[in-house]
Amino acid sequence: MMLRRPRRNRQSTAMRGMANETHLNVQHLVFPLFVLDGSNIRSEIHSLPGIFRFSPDTLLQEIDKCMNLGLTNFIVFPAVADSLKDKTATYSWSPDNFYLKVARDIKKRFPECCLISDVAMDPYSSDGHDGLVRGGEIVNDETLPILAKMWLAQAEAGFDMLGPSDMMDGRVGFIRKALDEQGFTKTSILAYTAKYASAMYGPFRDALDSAPKSGDKKSYQMNPANKSEALIEAELDTAEGADMLMVKPALHYLDVIHLLKEKSNLPIAAYHVSGECAMLRAACNNGWLDFERAMPETLLSIRRAGADVILTYFAKEFAERFPSGI
Ligand code: PBG
């Protein structure tokens with residue numbers, strides 16, 4: 001005789017629905033978008049099929065389509081021409097910066113969206129590093145005032161949330177103070193708390209042409225072997241005023257997502273990064289996996305691990321397929 005039969009709860013769609021532990025819908029998702037200067041451009045990223053670089057005009061059209069699908073959260077990354085890059089990333093706060101202009105246009109046309117920025121020097125740096133390079137070293141404290149200028153320009157342009165992806169020590173507190181002093185008390189901070197020195201950022205660097213010119217990012221991004229260190233970063237970001245904590249990448253770091261969710265009361269975000277999406281897309285495009293099943297299962301696993309918010313290049317495709325969630 002068997003008293004306990006777990007299969008009883010799996011016998012019909014209705015009963016599986018009642019016993020369902022994890023939900024995912026479009027409000028949990030953030031769609032990363034790439035923007036470059038110009039007009040009428042929509043160029044596909046070869047290592048990330050289905051994802052495009054948009055000029056400001058086509059970007060607004062894309063956002064309009066997403067908003068109609070109920071997808072309201074966007075993180076935007078600029079692809080900057082090499083001729084505008086320099087050692088100190090001056091273009092990042094220049095009044096002519098197309099990224100800041102497009103942010104203004106997006107918030108004007110779609111005031112109800114949540115617009116998230118990227119804060120790091122790499123898209124604007126001739127060295128391709130997230131911080132200032134001096135004598136072959138990525139220096140921390142001298143990077144902070146540069147980031148602060150970038151943040152203030154972005155807050156002024158109307159971004160709702162700023163996303164420091166640079167992993168410099170002390171950046172969240174430094175910027176929170178700078179923002180508050182200038183009256184931007186409502187602008188919130190999505191801290192890249194545990195951002196790992198991962199091989200999974202390849203397609204993103206292709207999209208922005210932002211790979212480091214020399215060396216790697218291991219002296220500022222975290223060692224993939226470490227987990228306790230994520231707690232140190234989480235403590236610091238929380239104390240410094242972060243509004244959300246993020247783990248990046250997502251799938252290779254589900255244990256870290258779980259840990260931060262257990263230890264923190266802040267919302268936890270996970271960045272399902274370009275390489276992770278590219279792997280799945282490649283297998284599906286080869287006919288080895290079924291996208292229709294593998295994509296929602298993948299996103300659900302990130303939620304189940306503890307992510308409240310997921311940044312994913314599949315956000316729009318999820319919204320198209322599952323308007324009322326799963
Ligand atoms: C850089 C930045 C990176 C990503 C977001 N911001 C790449 C890097 O650190 O080299 C990667 C995102 C992705 O791969 O989807 N500041």
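Colleague: Why does Ser188 count as buried?

Modeller: Ser188 has a relative accessibility of 17%, and buried means under 20% relative accessible area, with exposed over 50% and partly exposed in between (1.4 Å probe, protein chains only). Ser188 therefore counts as buried. This is a predicted model, in which local features need pLDDT of at least 70, side-chain atom pairs count only at pLDDT 80 or more, and totals for chains, interfaces and linings use all residues. Residues are numbered from 1 along each chain as its sequence is written, and side-chain values use heavy atoms, with hydrogens and water left out.

Colleague: Where does Ser188 lie, and which residues does Ser188 touch?

Modeller: Ser188 lies in strand 9, residues 188–195; helices (H or I, at least four residues) and strands (E, at least two) are DSSP runs, numbered from the N terminus. Leaving aside residues up to four places away in sequence, Ser188 touches Asp160, Met161, Leu162, Arg176 and Asp243, where contact means heavy atoms within 4.5 Å.

Colleague: What makes Arg171 count as buried?

Modeller: The relative accessibility of Arg171 is 2%, so this residue counts as buried. Arg171 belongs to helix 5, residues 171–181. Its contacts, not counting residues up to four places away in sequence, include Leu144, Pro164, Tyr192 and Asp237.

Colleague: Which backbone oxygen lies 2.8 Å from a polar atom of the side chain of Arg171?

Modeller: That backbone oxygen belongs to Tyr192. A polar contact is a pair of N or O atoms within 3.5 Å; within protein, one must be able to donate a hydrogen and the other to accept it, and residues adjacent in sequence count only if both atoms are side-chain atoms.

Colleague: How do you know that Thr312 counts as buried?

Modeller: Thr312 has 0% relative accessibility and therefore counts as buried. Thr312 is found in strand 12, residues 309–312, and its side chain reaches the backbone nitrogen of Phe314 at 3.1 Å. Among the residues that Thr312 touches, not counting those up to four places away in sequence, are Leu29, Phe31, His272 and Leu299.

Colleague: What is the relative accessible area of Ala89, and what is that of Asp209?

Modeller: Ala89 is buried, because its relative accessible area is 0%. Asp209 has 46% and is therefore partly exposed. Phi of Ala89 is near 60°, a positive value in a residue other than glycine; Asp209, also not a glycine, has a positive phi of about 50°. Ala89 lies in the loop between strand 4 (73–79) and helix 3 (98–109), whereas Asp209 is found in the loop between helix 6 (202–208) and helix 7 (228–239).

Colleague: Which residues does a cis peptide bond join?

Modeller: The cis bond joins Lys248 and Pro249, with omega about -10°. Pro249 is placed in the loop between strand 10 (244–248) and helix 8 (254–263).

Colleague: Why does the radius of gyration of the chain agree with that of a compact globule?

Modeller: For 326 residues, a compact globule would have a radius of gyration near 20 Å; the chain has 20 Å, so the two agree. This radius is taken over C-alpha atoms, and the globule rule is 2.2 Å times the number of residues to the power 0.38. The C-alpha trace spans about 75 × 45 × 40 Å along its principal axes. The chain has 11 helices and 12 strands, and 56% of its 326 residues count as buried.
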